[in-house]
Amino acid sequence: MKWASTILLLLGLIVIFYMTREDEAQRTDDTRSEVTVYGFDVGQGDSTFIQTKTDAILIDGGNNGKGDDVVRYLRALGVTRLTALIATHPDADHIGGLDTVLEELDVERVYAPRVNHTTETYRDFLLAVKEEGVTIKTAKAGVTIPSESVELEIIAPVTDGTSDLNSWSAVLRMTNKDNTFLFMGDAPIRTEQQLLKAGLDVKADVLKIGHHGADTSSSIPFLQAVHPTRALISVGEGNSYRHPRPTVMNALAAEGITIDRTDRMGTIEYTSDGTAITVKSRKDLRPN
Ligand SMILES: [Zn+2]
């Protein structure tokens, strides 16, 4: 009888030991899969940041003069090195601040679409990349960005763009287990149609709306195919372009999509654990 209870006690201890180990393994895995996405407040322009356990990926850096804010936000988040920098297209409200970012932080990889542009702002960017000692990798459909934590695929430009620089926009899809984010840059309806025609899976939980909510992007068929829960709009308060446009706002409302605007919420933080996404406003990360 005494032997039996001793054996039972030992078995119990063994079970508890293995259960605890499994718990720990589970916990490590959960931490690894946590991903944070930031829609930085850069006024009228775009700058989005993805932080995982192993990656720090910046998509665009706002206008000229916003680079200092972007660098300050990144430092506040403990970032000193970018694993990847994506310049979606050569417009100033996307690449203007990137020369400062390249000067202030170490950058491992730079991606940009293969399009020529002759503005001083674009030349500053190219010069800063050169001084960083890296070569630009072409951003186009089918390019995968290496990551140990998430899946990162560039799905556009599908073909060469037109004289409209927006049509060259690099579009990035990031998947963290069950959670997907789609970053459109300023991609116009032409790109949306190309993606749909290619039969690509564009479904996403969070859609970074193309072109600051202009009505040249975010067609209804595309919104329906992406079928997001939330839409991130990077836009400046009282901007002269009158972005976001009512057509787009109405379409988003009609599709039951929750709208997150940087002009109202400041910097927006999305935390994905691979299953669910939580959203909060980061008023502490605001422009000087
Ligand atoms: Zn733009």
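Predicted model: local features only at pLDDT ≥ 70, side-chain atom pairs only at ≥ 80, totals over all residues.
Two strands count as paired if DSSP finds at least two bridges between them.

The model contains an open sheet of eight strands with mixed pairing, in the order S8-S7-S5-S3-S2-S1-S16-S17. Its edges are formed by strand S8 (136-138) and strand S17 (277-282); each has a single partner strand, so one side of each lacks a neighbour in the sheet. Direction ignored, neighbouring strands of this sheet are turned by 20 degrees against each other on average.

| Strand pair | Sense | Bridges |
|---|---|---|
| S1 (residues 35-39) and S2 (residues 48-51) | antiparallel | four bridges |
| S2 and S3 (residues 56-59) | antiparallel | four bridges |
| S7 (residues 110-112) and S8 | parallel | three bridges |

Thr36 has Gln51 in S2 as its bridge partner, while Phe49 stands opposite Leu58 in S3. A hairpin of four residues connects S2 to S3.

**Helix H6**

Helix H6 covers residues 189-197, and its buried residues are Thr191, Glu192, Gln194 and Leu195. Viewed down the axis of H6, these buried residues fall within an arc of 160 degrees and therefore line one face of the helix. The buried residues of H6 pack against strand S10 (151-156), strand S11 (171-176) and helix H7 (220-226). After H6 comes Gly199, which has a positive phi near 70 degrees.

Terms used
Residues numbered from 1 in each chain as written. Heavy atoms only, no water. Helix = DSSP H or I, 4+ residues; strand = E, 2+ residues; numbered from the N terminus. Buried < 20%, exposed > 50% of the residue type's maximum accessible area, 1.4 Å probe, protein only. Arc of directions from axis to C-beta. Contact = heavy atoms within 4.5 Å. Axes fitted to C-alpha atoms, helices over the stretch in contact; angles between N-to-C directions.
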